[in-house]
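Work through the following exercises with the sequence and the model at hand. Each task is followed by a solution in steps.

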Amino acid sequence: MINGKRIAVVLPAYNAEKTLEKTVSELPDCVDIKILVDDKSSDHTVVVARKLGLQLFVHDRNYGYGRNQQTCYREALARGADIVIMVHPDYQYTPLLVTALASMIAYDVYDVVLASRILGGSALRGGMPRYKYLSNRLLTAFENIFLGVKLSEYHTGYRAFSREVLMKLPLVENSDDFVFDNQMLAQCVHFGFRLGEISCPTKYFQEASSISFRRSVKYGLGVLVTTMQFALQKYGVARFPIFSSEGRTLGSSVDPYYVASASADDSHLPKPETTTPKVLQDGN
């Protein structure tokens, strides 16, 4: 808790068994709620999450990163979170910055805070592939022009939101794929929320999740489409559900596509090992 605000960390997970324990071990004491949503992993992510005592929710099939976030935020809000921080469980971003991210919202400086890999110049030093760095810079410049803000990057997966943001945005209108992240930030700008950034080091290593080149291209095209939709909506040329004040929010009724349980069905998994899988440290 910070300044009387309940802090939730949500971990959207898919095959994160090797890095989950290390990630959770670095979460600061200010975190009141720890939620992991498993998008039907084929490894022992669910087993490790149970051992760590996380509040666990398991999708009935692999829906995608965007749908995983919807579940994360919906369940955090249901448990009374005032501030929700998304931390990827692949240990690419340090959880030690959760306090800084949450504080900027708890003290009403910003409504949304992003942990930027670009500020401080650590992205390439941390191992970000050059093609991803270049595309990040080009897409960010394009978005800054059309969205009318000036962020160092829109593509970080480490971000914090106030309760008001998560309740107001029509997130159920967004994609289930990776472009959900970008749609969400465009929605934050459209609805007038305050965005801030802090510098964050990053680590790229074998066990850290990373989308393929083909998926990166698909994501990039999705970013371009989202940006142009924002501009067309802004100038009254067209209207889109993702920017509608009447769009479906997390409070909308949904089909029961996931379960909450300390013993969710994991019969599809190989037999669990008797010890927690080894976690790589510092990418070695």
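**Exercise 1.** How are helix 7 and helix 8 oriented relative to each other: roughly parallel, roughly antiparallel, roughly perpendicular or oblique?

*Solution.* This is a predicted model, in which local features need pLDDT of at least 70, side-chain atom pairs count only at pLDDT 80 or more, and totals for chains, interfaces and linings use all residues. Residues are numbered from 1 along each chain as its sequence is written, and side-chain values use heavy atoms, without hydrogens and water.

Step 1. Locate the elements: helix 7 covers 180-190 and helix 8 covers residues 213-234. Helices (H or I, at least four residues) and strands (E, at least two) are DSSP runs, numbered from the N terminus.

Step 2. Take the axes, which are lines fitted to C-alpha atoms, for helices over the stretch in contact, with angles from 0 to 180 degrees between N-to-C directions. The axes of helix 7 and helix 8 come within 9 Å and cross at roughly 20°.

Step 3. Classify the angle: under 35 degrees is roughly parallel, over 145 roughly antiparallel, 65 to 115 roughly perpendicular, and the rest oblique. Helix 7 and helix 8 are therefore roughly parallel to each other.

**Exercise 2.** List the residues through which helix 7 and helix 8 meet.

*Solution.* Contact means heavy atoms within 4.5 Å. From helix 7 come Asn182, Gln183, Ala186, Val189 and His190; from helix 8 come Tyr219, Val223, Thr226, Phe230 and Gln233. By class, this contact of helix 7 with helix 8 has five nonpolar, five polar and no charged residues. Nonpolar means Ala, Val, Leu, Ile, Met, Phe, Trp, Tyr, Cys and Pro; charged means Asp, Glu, Lys and Arg; the others, Gly among them, are polar.

**Exercise 3.** Is Gln233 buried or exposed, and which residues does Gln233 contact?

*Solution.* Step 1. Gln233 is in helix 8.

Step 1. Apply the cut-offs: buried is under 20% relative accessible area, exposed over 50%, and partly exposed in between (1.4 Å probe, protein chains only). At 10% relative accessibility, Gln233 counts as buried.

Step 2. Setting aside neighbours within four places in sequence, Gln233 contacts His190, Ala238, Arg239, Phe240 and Phe243.

Terms used: Expected span 1.5 Å × (residues − 1).
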